[in-house]
Amino acid sequence: MCGIVGYIGHKSAAELIINSLKKLEYRGYDSSGISVNCNGELFTQKRAGKIAVLDSVIDYESLKNCTTGIGHTRWATHGEPSDVNAHPHRDCNNELVIIHNGIIENYKDLKEVLIGRGHKFLSETDTEVVVHLIEHYKKELPLLDAVIKALQSVEGAYGLVVMSKKTPDVLIAARKGSPLVLGVGDGEMLIASDVSAVIEHTREVIYLGDGEVVEVRKDGYRIYDLEKNRIDKDIESIDWDIASIEKHGYDHFMLKEIFEQPETITNAFRGRILLDEAKVKLDGLRLSDEDFSNIERIIFIACGTSWHAGLVAEYLIEEYARIPVEVEYASEFRYRKPVLKKGDLVITISQSGETADTLAAMREAKAKGIKVLGITNVVGSTIARESDGGVYIHAGPEIGVASTKAFTSQITVIVLLTVLLARKKEMSFTEGSAILNDLVKLPELVKTILSTSEKIKEIAEVYSDKSNFLYLGRGVSFPVALEGALKLKEISYIHAEGYPAAEMKHGPIALIDQEMPVVFIAPKDEIYSKIISNMEEVRARKGRIIAIATENDKDIVKYADHVIYIPDVHKALLPILSVIPLQLLSYYIAVYRGCDVDQPRNLAKSVTVE
């Protein structure tokens, strides 16, 4: 969740670390801190608030010759955001400092023991326990051995970096359950929780695995396990450019990412469609014909927006491939006793590939002997490495906390998976061809929706002062309603609920009055008449209606106060088109309300802790 940067090399560490932290601020932004090692002395600054607050108090000139340091931007778990609780944390003698992402589950027990041994604690965080524990072991051990010994006593998740003023030429980093990447440069090394922090300096990286510890010097590194056995790992190359994490003239990353969707949808299906055969090729699944024929049930496991993508998959796969599908919240799946059996296939969906609950659920399924596939965006992520196969969505870096382009790329891959499965069963060439031909046209159709953004902006202004919204849809449009409501909640702090339209009469209808905007996802499909009936029920109670409708639907204007049209496509592709106006609506409402769109309060991009 938090952003971590460590640097050792020949450049000014303070300036480099702050600039790198700014690229990680979407991972946490309630406080930040930095510590640099200057000729055997540690200089530390920490501030509550965003990185700009910290940046304003650092004396870069006095630190320009300091070439080793660590920095952190925090998403609070233990202890409120404050100067004291900000990382880095130090030991009693100010000889060691640590930055940490994760949760130390047994920190209270460890803290009690350490206090009994005379250690003084300054913060409310679980992280501070680790640096004191290392301090305890370092009395008799070298730094690397002391870190390993301390981690053998720690329970929980961590991605951490340790620095000692007595060894200014060394950083120690370790990972268990929280991502860390080592950037290998020319006479310099970087450690970060995300490749976006290192790409400006090197494209050569090593993804640390769970239970791995790395001793880093400016001219090399050594990787060990927690028994201090050496580990050899391959260096991988990052294949995207630093420009992809810049705004390029857009006011916010979220808006830029919404407008990138014609390109990212194309990237998700490029090279995977065989139009002449109306078939799909997804070699990364690593499933044989026998594996496909043995699938009796598919279980999608995900969180948040990715869970909504899983719901879309349930509708599509059950309708077209006739395979039973269940969609599970990862956080619930991992703590109950799921019934898994031969013939099950588990598919995890995670933009980051590092979502803690999804990872744990994946491992639970694998431990029961079930084949697990992953749909993820990040090459080298834990889900990508630990799953039996999978599909990258190729959406590129998504910096806005509220997911947009990743969602439509996930749905694009789910459509491909649906056709792949269905064509191996009873789907005809004609049906498969209809879906895939429309899918290829989709990027241009998305552009037509984006061209109506000014109209959507006008609608957003009308409703930007409302306190509640209701989103309704039927069939495959129901998950879209959920996603639309989530986007509005995330970035504008308006209470919003998504429901199946028919469920409105079972409770939510009590909320409807002239102050309640209701958003209907109302494409002209086989259940269109049912949606119209629901709209009439809302109108009868003076609710205000915003409808997402199929182009040339002239009837719907009789029922809706505002209509946003989307192009007519195969119904399997409707979720991709219908969600884009909802993304824009939530974005513009948040802007009118003066909200921080890219960094909404209390949220972080990748949830790598429980």
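# Chat: sheets, helices and a disulfide

Q: Which residue is the bridge partner of Glu-215 in strand 13?
A: Arg-222 is the bridge partner of Glu-215 there. Keep in mind as we go that this is a predicted model.

Q: Thanks! How many bridges join strand 12 to strand 13, and which way do they run?
A: Strand 12 (residues 212-217) and strand 13 (residues 220-225) run antiparallel, and six bridges join them.

Q: Which residue takes a positive phi in the hairpin of strand 13 and strand 14?
A: That's Lys-228, with phi near 65 degrees. The hairpin has four residues between its strands.

Q: What's the strand order in the open sheet of seven strands?
A: The order is 5-6-7-8-12-13-14, with antiparallel pairing. Strand 5 (89-90) and strand 14 are the edge strands, each pairing on one side only.

Q: Which strands does helix 6 touch on that sheet?
A: Helix 6 (residues 143-151) packs on the sheet and touches strand 6 (96-104), strand 7 (156-164), strand 8 (171-176), strand 12 and strand 13. The direction of helix 6 makes about 160 degrees with that of strand 7.

Q: Switching topic: what's the order in the open sheet of five strands, and is the pairing parallel or antiparallel?
A: The pairing is parallel, and the order is 24-23-25-26-27. At the edges stand strand 24 (495-500) and strand 27 (562-566); each has a single partner strand, so one side of each is left without a neighbour in the sheet. From one strand to the next, the twist averages 20 degrees.

Q: How many bridges join strand 23 to strand 25?
A: Four bridges join strand 23 (residues 468-473) to strand 25 (residues 517-522), and the two run parallel. As an example of who faces whom, Leu-470 stands opposite Val-518 in strand 25.

Q: Where does helix 19 lie?
A: Helix 19 (residues 574-592) lies across strand 23, strand 25, strand 26 (544-550) and strand 27. Relative to strand 27, helix 19 runs at about 135 degrees.

Q: OK, helices next. At what angle do helix 10 and helix 14 pack?
A: Helix 10 (residues 304-320) and helix 14 (residues 405-423) pack at about 25 degrees, and their axes are 9 Å apart. Angles under 35 degrees count as roughly parallel, and the two helices are therefore roughly parallel to each other. Helix 10 passes helix 14 in a right-handed crossing.

Q: Which residues meet in that contact?
A: On the helix 10 side they include His-308, Val-312, Leu-316 and Tyr-320, and on the helix 14 side they include Phe-407, Ile-411, Ile-414 and Leu-421. The contact residues divide into 13 nonpolar, five polar and no charged.

Q: Last one: which cysteines does the disulfide join?
A: The disulfide joins Cys-38 to Cys-66, with an S to S distance of 1.5 Å. The structure holds one disulfide.

Q: Is the disulfide right-handed or left-handed, and why?
A: The torsion about the S-S bond is about 105 degrees, so the disulfide is right-handed. The pair links distant parts of the chain, 28 residues apart. Cys-38 is in strand 2 (residues 31-38), while Cys-66 is in the loop between helix 3 (60-63) and strand 4 (68-74).

Note on methods
Residues are numbered from 1 along each chain as its sequence is written. This is a predicted model: local features need pLDDT of at least 70, side-chain atom pairs count only at pLDDT 80 or more; totals for chains, interfaces and linings use all residues. Side-chain values use heavy atoms; hydrogens and water are left out. Two strands pair if DSSP finds at least two bridges between them. Axes are lines fitted to C-alpha atoms, for helices over the stretch in contact, and angles run from 0 to 180 degrees between N-to-C directions. Contact means heavy atoms within 4.5 Å. Angles under 35 degrees count as roughly parallel, over 145 as roughly antiparallel, 65 to 115 as roughly perpendicular and the rest as oblique. A crossing is left-handed if the near helix is turned anticlockwise from the far one by less than a right angle, and right-handed if clockwise. Ala, Val, Leu, Ile, Met, Phe, Trp, Tyr, Cys and Pro count as nonpolar, Asp, Glu, Lys and Arg as charged, and the others, Gly among them, as polar. A disulfide is a pair of cysteine sulfur atoms within 2.5 Å.
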